[in-house]
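Here is a quick walk through one model, with the cut-offs spelled out as they come up. Have the viewer ready.

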Amino acid sequence: MSDREEEERLGAFDLTRHVRRILGYVGTLGWLLWLAVLGSLIYAAFELSLPQLVRYGVDRYLVPGQAVDSQVRVEGMRELGLLYAGLLFGMLFLSYARSMALNHVGQRVVQRLRTHLWSHLHRLP
């Protein structure tokens, strides 16, 4: 039997139906799931801003031939270094928080699935 014939026999896989069914097990933790997604987007923005920050520092303070005072260069590089470190710390915090939130939601979903399955098995004759 070919894959196509087997798919027609079993029925097509409907992703949206299965996702909705799994999201039903998320229950009251939906806000935490959305918070983790928002944290992922903020993390991506931080990650994309790091090379831009380095580019700005090199173009503004390290290119020879610009009429920038050495004191201004040092202060500018110090501020950019602190901003870079702050972004790295923010990324560390977001990564940890996102991981903890997704782990918590995932564990709860698995717990609810097991409970639902166990209660279904007990109802069988």
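Val54 sits in helix 3, where helices are DSSP runs of H or I with at least four residues, strands are runs of E with at least two, and both are numbered from the N terminus. Its relative accessibility is 44%, so Val54 counts as partly exposed; the scale calls a residue buried under 20% relative accessible area, exposed over 50% and partly exposed in between, using a 1.4 Å probe and protein chains only. Val54 and Met77 are 23 residues apart in sequence, yet their C-alpha atoms are 9.8 Å apart.

Before going further, some housekeeping: this is a predicted model, local features need pLDDT of at least 70, side-chain atom pairs count only at pLDDT 80 or more, and totals for chains, interfaces and linings use all residues. Residues are numbered from 1 along each chain as its sequence is written, and side-chain values use heavy atoms, with hydrogens and water left out.

## Salt bridges

How many salt bridges are there? The count is two, taking a salt bridge as a side-chain nitrogen of Lys or Arg within 4 Å of a carboxyl oxygen of Asp or Glu. One joins Asp59 to Arg55, with 3.6 Å between the closest N and O atoms. These two are four residues apart in helix 3 (residues 30–62), so about one helical turn separates them. Asp59 is partly exposed at 38% relative accessible area, and Arg55 is partly exposed too, at 46%.

The other links Glu75 and Arg78, at 3.1 Å from N to O. Here the spacing is three residues within helix 4 (residues 70–123), again about one helical turn. Glu75 has a relative accessible area of 30% and Arg78 has 44%, which puts Glu75 and Arg78 in the partly exposed class.

## Rings

The structure holds one aromatic pair. Tyr56 and Tyr61 make an edge-to-face pair, 6.5 Å centre to centre with 90° between the planes. For the record, rings of Phe, Tyr and Trp (its six-membered ring) pair if their centres lie within 6.5 Å, and planes under 30 degrees apart count as stacked, over 60 as edge-to-face and the rest as tilted. Tyr56 is partly exposed at 38%, whereas Tyr61 is buried at 9%.

There is also a charge over a ring: Arg98 lies over the face of Tyr43, 5.0 Å from the ring centre. The rule asks for NZ of Lys or CZ of Arg within 6 Å of the ring centre and within 35 degrees of the ring normal.

## A nonpolar patch

Trp31, Trp34, Leu35, Val37, Leu38, Leu41 and Ile42 make a nonpolar surface patch of about 770 Å². Patches take residues with over 30% relative accessible area and no salt bridge, joining like charges within 9 Å and nonpolar side chains (Val, Leu, Ile, Met, Phe, Trp, Tyr) within 5 Å. The areas come from the Shrake-Rupley method with a 1.4 Å probe; for residues, only the protein chains shown count as cover. One of the members, Val37, is in helix 3 and is partly exposed at 38%.
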